[in-house]
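Reader: Please show me the model. I would like to go through it in questions and answers.

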Amino acid sequence: MKAIEIKNLYAGYDNKVTLENINLVVEEREFLGIIGPNGGGKTTLLKILLGLIKPFKGEIKIFGQSLDKALSQIGYVPQYSNFDLNYPINVWDVTMMGRMGNTGLLKKFSKDDKSIVEDSLRKVELLEFRNRLVKNLSGGERQRVLIARALTTKPKILLLDEPTASVDSKTGKNFYELLDKLNEEITIILVSHDIGAISQSVKKIACLNRTLIFHDSKELTPEMLEATYHCPIDLIAHGVPHRVLDDSHLETH
Amino acid sequence: MFEIFQYDFMVNALIASLLASVAFGIVGTYVVVRKIVFISGGIAHTAYGGIGLGYLLGINPIFGALIFSLGAAGFISTMRKKESQFEDTLIGIMWAFGMALGVMFINFTPGYVPDLMSYLFGNILTIPDSELIIMFLLDLFVIGIVVLFFREFQSITFDEEYTRTLGLPVDKLYLLLLMLIAVTIVLLIKLVGIILVIALLSIPSSISINYVKSLKSMMLLSIVLGIVFTTVGLLLSYYLNLASGATIIIVAVAAYLISTLHLSLKKKRFKLV
């Protein structure tokens, strides 16, 4: 089944077009990485899929439904570096926020809400940190809280904005192991300007800079990157531990 | 030292600072965590236009201030919805325009305008019983709204964009929060005046944020700090014969400096260990 189907999408702000003729099909349980430079339209695409802005034209289907009807199936994990660390709030309360859309205004959280939050925190292995203040967490832990919050809406698709890969010293687990596990049930789209952040976990890669280049594969060719970043890019310079490129390309490089 | 309680005006002043500290502490907590001190300043200064209008029309200037500050809250909220790039500038313009209107209205008001200075710098010693009752009712209103919307306000002040993706009416909630700030500012104008109101709205909460583990405890600690600052300031101003509003603010700022010093010492000690 197709999780996401985007056809001839144009979008932007005011009169400025930042996305031009985007076409994309994402299969269910896919793990797609979208890379592109800052200002290349990644945020616009995310905001459209989250229902925060409307496209100029084009069609979007989520599991065959229109986007408006399917918004609740999409979970969002924002950049954790955007948050004010001084905010006095603990892990439990941040995760609980995810349930607000389901309970409605002025209603209390139910037992179900609480057990869903518990499950979500268990999945990201932060249940024992439930009472800890967000400011006392490591960057990686903070990111996992935001993933737990997104999971409380029981999404079928997870959107991650500029995640940072980090090995957590406490659990010893790689961030990508967590995503791999979630990917068994959930379609994941990860957006980043950093090629290094696109790892082994990603099953497919697309390049976005106003237009989207996607060959429905994991292969990232120098041609794709050049078209996206408008300059030749040394793929090895990032110190990427994972081999993203097709080997033949590396040898000719 | 208790002879000051013989004076009704002093008793009223102490009750007023208690009532005001409640609203200060609760609303100031949101102002500080959401970092909207400047926006609150804009709302406060725009209220001056309403005070002038009140004098011109011969009604209680507080009602004029209420209308102007609620109008300012609505204006800011509309601008945010349109995602204006000039939000900052427009708030500055609104700020100045409100003040200018106030001066203009007072120019047109025939005769001598009595306690105009008290609206600018505050005069807690002239608060009549009727004003105390208004303060009390506004306190109840602030507490009621925050009890009802605690979760929603927490979510929009922590992560507005995410709250939007959940389908919550973020713009309306934000407007409600701004209106709450507006009402609180008007409530406090008599106490310390427009110019100093921002200090009491932000200082107790910006101290307490470093010592608490939740928004609720931040509100409570801010209320306690507010009561301490206003009471100490009042007593000092009484015994040293100083302007009450300014004394309260200086006490608050002194406490802020002490707290900052304390925190930086704590950090250093932590590093040494």
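Reader: Between which strands of chain A does the loop with Phe63(A) lie?
Author: This is a predicted model, in which local features need pLDDT of at least 70 and side-chain atom pairs count only at pLDDT 80 or more, while totals for chains, interfaces and linings use all residues. Residues are numbered from 1 along each chain as its sequence is written, and chains are lettered from A and ligands numbered from 1 in the order in which they are written. Strands (E, at least two residues) and helices (H or I, at least four) are DSSP runs, numbered from the N terminus. The loop with Phe63(A) lies between strand E4 (57–62) and strand E5 (65–66) of chain A.

Reader: Does Phe63(A) count as buried, partly exposed or exposed, and why?
Author: A residue is buried if 20 or more other C-beta atoms, placed from the backbone, lie within 10 Å of its own, exposed if 12 or fewer, and partly exposed in between. Phe63(A) is not a glycine, yet has a positive phi of about 45°. Because Phe63(A) has 16 C-beta neighbours inside 10 Å, the residue counts as partly exposed.

Reader: In what order do the six strands of the open sheet in chain A run?
Author: Two strands pair if DSSP finds at least two bridges between them. The pairing in this sheet is mixed, and the order is E6-E7-E8-E3-E9-E10 (chain A). The edge strands, each pairing on one side only, are strand E6 (74–77) and strand E10 (211–214) of chain A.

Reader: Which residue in E10(A) stands opposite Ala206(A)?
Author: Strand E9 (residues 204–209) of chain A pairs with E10(A) in the antiparallel sense, over four bridges. In E10(A), the residue opposite Ala206(A) is Phe214(A).

Reader: How many helices does chain B have, and how many strands?
Author: Along the sequence, chain B reads α-α-α-α-α-α-α-α-α-α-α. Of its 273 residues, 46% count as buried. The count for chain B is 11 helices and zero strands.
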